Amino acid sequence: GYNKSIVKAMKSILRNYCVLNNILSKNQKEELHDKFIKYYGIIKNNISFSQRIKFKTFKYSPYLAVFLYKFKKIGKINK
């Protein structure tokens, strides 16, 4: 229902931010991050532990989240 839709939107924001990081303007990045934080405030108590870790990483350090996202993708390519 409602919670699944919010989690899906948050995953989409996170993925788009990471994939498009090099071409997004600073304002676009801030807008995506602000939306993400708004959604996180609604959903934070209704998500799994692993989602909470991923989402908190992005909330507090988008740069680190992008790094981890790219590192994870590189790992998948090499397997």
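Reply: Start with a definition. Buried means under 20% relative accessible area, exposed means over 50%, and partly exposed is in between. The model is predicted.

Me: Why is Lys72 called partly exposed?
Reply: Its relative accessibility is 49%. Lys72 is found in helix α4.

Me: Why does Phe71 count as exposed?
Reply: Phe71 has 56% relative accessibility. Exposed requires over 50%. So Phe71 is exposed. Phe71 lies in helix α4, residues 62-78.

Me: What makes Phe71 part of a nonpolar patch on the surface?
Reply: A patch takes residues with over 30% relative accessible area and no salt bridge, and nonpolar side chains are joined within 5 Å. Phe71 has 56% relative accessibility. Leu64, Phe67 and Leu68 form the patch with Phe71. Together the four have about 410 Å² of accessible area.

Me: How do you know that Tyr40 is buried?
Reply: Its relative accessible area is 3%. Buried means under 20%. Tyr40 is therefore buried. Tyr40 lies in helix α2, residues 26-43. From Tyr40 to Ala65 is 25 residues in sequence and 15 Å in space, C-alpha to C-alpha.

Me: And what makes Ile6 buried?
Reply: A relative accessible area of 6%. The cut-off is under 20%, so Ile6 is buried. Ile6 lies in helix α1. Ile6 and Lys29 are 23 residues apart in sequence and 19 Å apart in space, C-alpha to C-alpha.

Me: What makes a residue part of the lining of the largest pocket, and which residues lie nearest its centre?
Reply: A lining residue has an atom within 4 Å of a pocket point. The largest pocket is lined by 15 residues. Leu14, Lys54, Ala65, Tyr69 and Lys72 lie nearest its centre. Two or more lining residues come from each of α1 (2-19), α3 (49-60) and α4. The largest share, six residues, comes from α4. The volume of this pocket is about 450 Å³.

Me: How does the lining of the largest pocket divide into nonpolar, polar and charged?
Reply: Seven residues are nonpolar, two polar and six charged. Asp, Glu, Lys and Arg count as charged. Lys54 and Lys72 are in the lining, so both count as charged.

Terms used: Residues are numbered from 1 along each chain as its sequence is written. This is a predicted model: local features need pLDDT of at least 70, side-chain atom pairs count only at pLDDT 80 or more; totals for chains, interfaces and linings use all residues. Side-chain values use heavy atoms; hydrogens and water are left out. Patches are made of residues with over 30% relative accessible area and no salt bridge: like charges are joined within 9 Å, nonpolar side chains (Val, Leu, Ile, Met, Phe, Trp, Tyr) within 5 Å. Accessible areas come from the Shrake-Rupley method with a 1.4 Å probe; for residues, only the protein chains shown count as cover. A salt bridge is a side-chain nitrogen of Lys or Arg within 4 Å of a carboxyl oxygen of Asp or Glu. Helices (H or I, at least four residues) and strands (E, at least two) are DSSP runs, numbered from the N terminus. Buried means under 20% relative accessible area, exposed over 50%, partly exposed in between (1.4 Å probe, protein chains only). On a 1 Å grid over the protein atoms alone, a cavity is a set of points where a 1.4 Å probe fits but cannot get out, and a pocket is an open set with protein on both sides within 12 Å along at least five of seven lines; lining residues have an atom within 4 Å of a point. Grid points are joined across faces, edges and corners, and a volume is the space filled by probe spheres set on the points.
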